[in-house]
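Hello,

Here is the structure you asked about. My notes on it follow below.

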Amino acid sequence: GEKAAALEKQLNIPVLRHASKKPAGTPEELEAHFNCPANKLIMVGDRYLTDIVYGNLLGMLTIRPAPFTEEGETTVVKSVRAAEDFFIARWRGKGIRAPDHPLVPSTFQSFQRTP
């Protein structure tokens, strides 16, 4: 509610609000809401197993920032986040990386692959 409105105003971008816990919504609902194809949208979310997986499944560019705060998070959320971080580190160690996306210039994608 209020945080999403403040973000929209400050960044001058639309923010999709959900009455239900994410991930929610079909690609068609997102495309209708933003009036563009899902592969032109950017999903920004602090959870790999919800925000990032959902965005990738729909063909969005996904960005996973560090959480703003852990204040108020349950033990379950902290445990899931720790498991996500463990597996991401393990996969990165094996050379597995995020998929390329047409919204990101190839020069930047090459830069991101450099250890």
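In which loop is Asn35 found? Asn35 sits in the loop between α2 and β1. Please keep in mind that this is a predicted model.

Backbone

Asn35 is not a glycine, yet its phi is positive, at about 60°. Most residues other than glycine have a negative phi. The relative accessible area of Asn35 is 70%, so the residue is exposed. Asn12 also belongs under this heading: its phi is positive, about 60°, and Asn12 is not a glycine. Asn12 lies in the loop between α1 (2-11) and α2 (27-34). With a relative accessibility of 69%, Asn12 counts as exposed.

Salt bridges

The count comes to five salt bridges. One of them joins Asp46 and Arg81, whose closest N and O atoms are 3.5 Å apart. Asp46 is in the loop between β1 (42-44) and α3 (48-57), while Arg81 is in helix α4 (residues 75-93), so this pair ties together parts that are 35 residues apart in sequence. Arg81 also forms a salt bridge with Glu73, and here the closest N and O atoms are 2.5 Å apart.

Is Arg81 buried or exposed? Arg81 has a relative accessible area of 6% and is buried, because buried means under 20%. Asp46, at 24% relative accessibility, counts as partly exposed.

Another salt bridge is formed by the side chains of Asp85 and Arg64, at 3.7 Å from N to O. Asp85 is in helix α4 and Arg64 in the loop between β2 and α4, so the pair links distant parts of the chain, 21 residues apart. Asp85 is partly exposed at 37% relative accessibility. Arg64 is partly exposed as well, with a relative accessible area of 25%.

Surface

Which residues form a nonpolar patch on the surface? They are Ile42, Val44, Ile63 and Leu103, which together have about 330 Å² of accessible area. Ile63 belongs to strand β2 (residues 61-63). The relative accessibility of Ile63 is 39%, so Ile63 counts as partly exposed.

Regards

Terms used
Residues numbered from 1 in each chain as written. Predicted model: local features only at pLDDT ≥ 70, side-chain atom pairs only at ≥ 80, totals over all residues. Heavy atoms only, no water. Patch = residues over 30% accessible without salt bridge, like charges linked within 9 Å, V, L, I, M, F, W, Y side chains within 5 Å. Areas by Shrake-Rupley, 256 points an atom, 1.4 Å probe, with all protein chains shown as cover. Salt bridge = Lys/Arg side-chain N within 4 Å of Asp/Glu carboxyl O. Helix = DSSP H or I, 4+ residues; strand = E, 2+ residues; numbered from the N terminus. Buried < 20%, exposed > 50% of the residue type's maximum accessible area, 1.4 Å probe, protein only.
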